[in-house]
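Look at the sequence and the model shown below. The report after it describes how the chains are put together.

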Amino acid sequence: MGRLTRMMRLLEPIVLVVLPVLMMAWAWLELPNAAIVTSAAAIVALIPFFVSFESGSRRARDIMPVIVMTALAVAGRLIFAPVPAIKPVYAIVIMAGLCFGREEGFITGSLTMLVSNIFFGQGPWTPWQMFAMGLVGYLSGALGSRGLLNHRWSIGIFGFVMVYLYGFILDTWTLVGFVNGMNAGSIMATYGAGIITNTVSAIATVVFLVPIAHSWPRMFRRIKKKYQIGPAEYRASS
Amino acid sequence: MAKGLFATYHPAVCMLFFLAAICFSFCTQHPVYVVMTCVFAGAYLIYLKGARPFLRSVGAFIPMVVFIGLLNSLFNSAGASLLWRWGPFSITVEGLCYGLAVGGMLVAVLLWFSCYNEVMTEDKFTYLFGKRMPTISLMVSMISRWIPRMVSRGHSVYDSQEALIGCYDQSKSGKVKRGLRMATVLAGLGMEDSVQTADSMCARGYGSTRRTAYARYKWHVREYVVLGLLIALVLANAVLLVVGTGSFKFYPRMSNIEFLWGYVTYALMLGMPFLVELERLKR
């Protein structure tokens, strides 16, 4: 592992905290040009993750889990067309983080949003969606590696909370970037507009996550062992 | 050329143009600037795709723009000239204008993104970033390949399960269960398949040396001219924007709109896709 990778890996948790705080501060002080500054901040926040993924020692087969999980998450929207309420995106990103580590989780989450926006339209929201969905994958990897997500229901609750976290981050970005003069009214209107969609997808995510909570990690453990998948430093331990 | 001359320029030039257009559109709520960037973005999108797709994409983002505009005007009582009051809500002329300006800014950015999607196709993006981020750009193109593969696999899994089990319960829980089983099958199948892809890549020399691109873009004189013009205009605009629009205020009363030299440079910068068409006159 090179020095660059190590440095970037150190930066990751710092960036995850600094960015939301910066956003709040910008809103609080009512500084100008919030839309461009917050978008730029999200792009900057993505850099350490992508650089450390890029410079990590991954062989061709080590990048395959991210590709398969991302493709599954994007295709899920098409496959699950008969059941519109279920969007497996959150569940699959959480599984990616849980089964393949927090970096893989982050990259799966952010690439899912990047690629699905190729189909559904890129916009100023892309960096923030990439950051927020990446965060979902990162957190599931970080908690999973401490054994906190081993229980069926702890994963369910985690998934439920993550959907709201994602919605909260994006709504806050709308508020900071595009609304001048924040007050109780505009704050409630912004968060209120998303509450029904968020609740539906949170329930759907739990419905999706709980049944696969044990079977998917078992399946991926077997495949990882069989084909020796994973970055060199993880491979030795598992 | 269906997409106009500008799309045939070197991807770096196009990228710089779109970056500048989007950033500047984001940076100012000065009414004249907002109207200008909307007009240029709309005109370019119509030029690229025609009027009907333009109207369709405008229709698609109207709800979001209206929501943002309303948020800005409905809950903001900072303006001086009151139009309408109902309980805690009050609409002022200034608040309404500010909402319109922010909405217009959003429209412009979305229109520029639509133009970007037309001009900066995936291969150009890979050409620009393939050398700097080889793994990520490879992954993006592989994912694009895997999505249709997943969908077609999904159909065959569905068909074979239907053939095996015969009849399905059409209840909601039955559908969900079936969806879950399909996702599980696809995930396992995909992982095993992908290892084969990886082995095949390694056998063909993936990772043995630096990646090269199928380069079709060269730096001609026209690229240097347009790049120089763009850089000069970006710098000029940055200075003039800060100097000129700083005096414009929405609250408590709107300032008067005066003529600024910044309008000219801004129009020149945003009109670059049309300016390069002048090349045709030479022939």
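The sections below cover the basis of the model, the domains and the interface.

## Basis

This is a predicted model, in which local features need pLDDT of at least 70 and side-chain atom pairs count only at pLDDT 80 or more, while totals for chains, interfaces and linings use all residues. Residues are numbered from 1 along each chain as its sequence is written, chains are lettered from A and ligands numbered from 1 in the order in which they are written, and side-chain values use heavy atoms, leaving out hydrogens and water.

## Domains of chain B

Chain B is assigned domain 1 (6-126 + 215-282) and domain 2 (131-203); such bounds come from an automatic or database domain assignment. The C-alpha centres of these two domains of chain B are 41 Å apart.

## The interface

In the contact (heavy atoms within 4.5 Å), chain A takes part with 62 residues and chain B with 54 residues. Together the two chains bury about 5,000 Å², with 81% of it on carbon and sulfur atoms. Buried area is the accessible area (1.4 Å probe) that two parts lose on being put together, summed over both.

Three salt bridges are found across the interface of chain A and chain B. A salt bridge is a side-chain nitrogen of Lys or Arg within 4 Å of a carboxyl oxygen of Asp or Glu. Arg222(A) forms one with Glu192(B), where the closest N and O atoms are 3.4 Å apart.

## Helices on the chain A side

Several helices of chain A each supply at least two residues of the side that touches chain B, among them α2 (34-55), α3 (64-79) and α10 (215-227). The largest share of that side, 13 residues, comes from α3(A). Helices (H or I, at least four residues) are DSSP runs, numbered from the N terminus.
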